[in-house]
Structure formats: C-alpha cells, structure tokens
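Open the model in a viewer and keep the selection panel at hand. The stops below say what to select next and what is there.

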Amino acid sequence: MTNNPLYLAPMEDVTDPAFRLLCKRFGADRVYTEFVNADALVRDVPSTMRKLRVRDEERPVAIQIYGKDAASMADAARIVEQAKPDIIDINFGCPVKKVAGKGAGAGLLRDVPRMLEITRAVVNAVHTPVTVKTRLGWDANTLYLPDGTPFIVDLAERLQDIGITELAIHGRTRAQMYRDEADWTLIGEVKRNPRIHIPIIGNGDVTTPERARECFERYGVDAVMIGRATFGCPWIFAEIKEYLNSPNNQNTPIIPKTMKDKIAILKEHVDRAIEWVGDEHKGILHSRRHFAASPVFKGLPDFRQTRIALLRADTREEVFAIMDQILQRWGDNNTPQ
Ligand SMILES: Cc1cc2nc3c(=O)[nH]c(=O)nc-3n(C[C@H](O)[C@H](O)[C@H](O)COP(=O)(O)O)c2cc1C
C-alpha cells in the first residue's frame, strides 16, 4: 500500500471518468464513481448503466451503489461486478431528502438492522471486495449509545463482522448535511478501537496538505478521502503528496505551479468532459462547478465580471477565449504562485 493514501471522494455529477482520470494522473490512490441507484441498475436504465463504465487507466476504482432494499442491492451488486471495478462501495451517507428521506443513503443510519441486512446481502452476492461509506450517525442526539459507546464505533464493528473490507467515515451527522466543521475525533476513536482491523478512511473538510497530515498523524486513519477541495483543482493530490512524502519521491506527480499550467489543465478537463458526455454544451455545464470553485481564480482583483462571463459561456471556444484573457490580464508569466 502507498504511504498516506489519498482517495477522490464519490461525488454526484462530479466524479465522472473525465475527472477521475485527471485526479488519478495527479496522484489519487483510488477514485470513486458517483453513487449509482440500485433500482435503476436492476431496471437496466441506460443512463444509469453508463455510470458503470470504468477504464483501466483509472484503477483502482470503486463503483458506489445506493438503495434501501437488500434484494435489489444484491442484484445491483451482481450487475456492477460485471463492470469489473476493484471495489464495490455502498453509500450509507447521502443526506439529501430524495435519498435519505426515502430510507436509502444516510437514512439507514436510523435503521441499523436494515443497513446490516443490505450489507450482508451485497457482501454475499459478489466476490469483489465490498466497502462502506457512511457518516458519524443520524443526528447529535444519537451520536452515543446508552452505554456511552459512540454509535459509529459500534456500527464499524458490526459492518466489519459482516465482511466489508474497508470503512470510509465522513465526520458529520446526517442532520448536519454539509454544515459545521467535520469532527474527526470520532473517526479517530473508530481507528483506535483494538477490535477494528479493517482500514478506516477519514473524510471531511480536508483542503490543505497540513490538514491531511494532521488527519494521518493525529487520528491515525489509513487513508484520507477528499471531496470538494478537488473542484477545479485535481492537482491537490500532488500538492499533498509532495508535502507528505519526501520531495524526491519518484511517485510524486508533477504539480502545475503557474497559472498557465493550471489553466491548461482546466481546459483539458473541459475537453475530457465534452468527450465523455458526447455533447459540447453539456460538457461545459458539467465543468462550471469546477471553474466556480477553482483556486486558480480565487482572489483575483476585479474578477467579478470575468467570473460571470466564464460561468455563462456556453461554447468551448468562448470558455477557452475567456481563460486566455484571464491569463493575459492576471497571468503570472510563469512565476509560481
Ligand atoms: C456535489 C457533491 C456530490 C456528492 N455526491 C456523493 C455521492 O454520490 N456519494 C457519496 O458517498 N458522497 C457524496 N458526496 C459527499 C462527499 O463524498 C464527501 O463525503 C463530502 O463532500 C465531505 O468531504 P469534503 O469535505 O472533502 O468535500 C457528495 C458531495 C458533494 C459536494
């Protein structure tokens, strides 16, 4: 196993093959698909089946599924296995109403027997390693069991006993959605539990190399999973790796240092997204989230109008022209920033 592995978190509409491959190039040790609905797989819905396409270059790759019914999750896992992912991951963490409110995703934090039943059904259905991604609990009132054991510590043991091979924990409750700061202390407690022998992956608010180091050193996790901080910044994996590993480590990918290099990667992302969705306009829509959040454009003086134009542009030509203007006006002439 690599030292201090860094994983790209599963994210709906974000972690498509185009973005996964870029993150992989910059050192992500594992990438995840967005969550895939089990019932839609069973019904053979073409747009859902498309989400199962993985390429050899992105391995190791995990395909994530969600659902609330054990039999359909087991059927879905069998379908997923045919796509030959390295891992099948179960989503028990999605907090949004249309998922958790219907008893799937984080909704299962309120129904642990059912969560365990689903997990057992999936583990028994396939030969591929099965992992789980979840949250600390349903809400602040249920973070601890009556005997004082943290809910997530107990849950981790039960999931491990069923045969999952790894557990990823996002340090928030369902009720918190994405609010407040992720709490890593309970993730650390799961890791410290002597009964736990499967790798524990920590997730939540890792945005800098310093924070990543703290997560490994202070909380002892086996891997760190990064979500939002990758938007418009797939090279974050390389930056963290350079910081954590010795600078001469041959495995450290090359980090883009200049605005010119970074914009070249954003353009490449646009092209890959267009290629993946097979439609210029949709590919651009898909990339906007990345432009909006990219650190490349943060803090540029008088950038507002250009930002609006960038987020409105709807052809590849327009997007690239605006990016070239940005480079001309705010560029660095190759000075690192
Ligand atoms: C746009 C978006 C889509 C997400 N989709 C998924 C998903 O499909 N499956 C999942 O397990 N988590 C999903 N998440 C949660 C992330 O995987 C991650 O747990 C969360 O963003 C916290 O990590 P971060 O602070 O590094 O972003 C999503 C998050 C965002 C922001």
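A residue is called buried if 20 or more other C-beta atoms lie within 10 Å of its own, exposed if 12 or fewer do, and partly exposed in between, with C-beta atoms placed from the backbone. This is a predicted model, in which local features need pLDDT of at least 70 and side-chain atom pairs count only at pLDDT 80 or more, while totals for chains, interfaces and linings use all residues. Numbering starts from 1 along each chain as its sequence is written.

**Stop 1: a loop residue**

Select Asp111. Asp111 counts as partly exposed because 14 C-beta neighbours lie inside 10 Å. The loop that holds Asp111 runs between α5 (97-100) and α6; helices (H or I, at least four residues) and strands (E, at least two) are DSSP runs, numbered from the N terminus.

**Stop 2: the barrel**

Now show the strands. Eight of them close into a barrel in the order β1-β2-β3-β4-β5-β6-β7-β8, with parallel pairing. Two strands pair if DSSP finds at least two bridges between them. From one strand to the next the twist averages 30°.

Where does β1 meet β8? Strand β1 (residues 6-8) runs parallel to strand β8 (residues 223-226), and three bridges join them.

Move on to β3 and β4, which are parallel and joined by four bridges. Gln64 has Asp89 as its bridge partner in β4. Five of the six residues of β4 are buried, so this strand is mostly covered.

**Stop 3: helices across the strands**

Select residues 17-25, helix α1. This helix lies across β1, β2 (30-37) and β3 (61-66), at about 160° to β2. Axes are lines fitted to C-alpha atoms, for helices over the stretch in contact, and angles run from 0 to 180 degrees between N-to-C directions. Contact between two residues means that their C-beta atoms, placed from the backbone, lie within 7 Å.

Helix α6 (residues 112-125) lies across β4 (87-92) and β5 (130-137), running at about 165° to β4.

Next take helix α10 (residues 236-244), whose buried residues are Ile236, Phe237, Ala238, Glu239, Ile240 and Lys241. They pack against β1, α1, α9 (209-219) and β8. Phe237 touches Leu6, Cys23, Phe26, Gly27 and Ala28, leaving out residues up to four places away in sequence.

**Stop 4: the nonpolar core**

Which residues touch the most other members of the largest nonpolar core? They are Ile65, Met73, Ala77, Val122, Leu167, Val224 and Phe237, out of 90 residues. Such a core is a set of buried Ala, Val, Leu, Ile, Met, Phe, Trp, Tyr and Cys residues joined through C-beta atoms within 7 Å. Helix α4 (residues 70-82) gives the largest share of this core, seven residues.

Ala76 is found in helix α4. Ala76 counts as buried because it has 27 C-beta neighbours inside 10 Å. Beyond four places in sequence, Ala76 is in contact with Ala38, Leu41, Val42, Ile65 and Gly67.

**Stop 5: two domains**

Colour domain 1 (6-244) and domain 2 (259-330) as the domain assignment gives them; these bounds come from an automatic or database assignment. Taken over C-alpha atoms, the domain centres are 29 Å apart. In the contact there are 12 residues from domain 1 and 14 residues from domain 2.

**Stop 6: backbone details**

Zoom to Arg59 and Pro60, which are joined by a cis peptide bond with omega of about -5°. Pro60 is in the loop between α3 and β3.

Then select Asp205, which has a positive phi of about 65° although it is not a glycine. Asp205 sits in the loop between β7 (200-203) and α9. Is Asp205 buried or exposed? With 20 C-beta neighbours inside 10 Å, Asp205 counts as buried.

End at Asp302, a non-glycine residue with a positive phi of about 55°. The loop of Asp302 lies between α12 (280-293) and α13 (304-312). Asp302 counts as exposed because 8 C-beta neighbours lie inside 10 Å.
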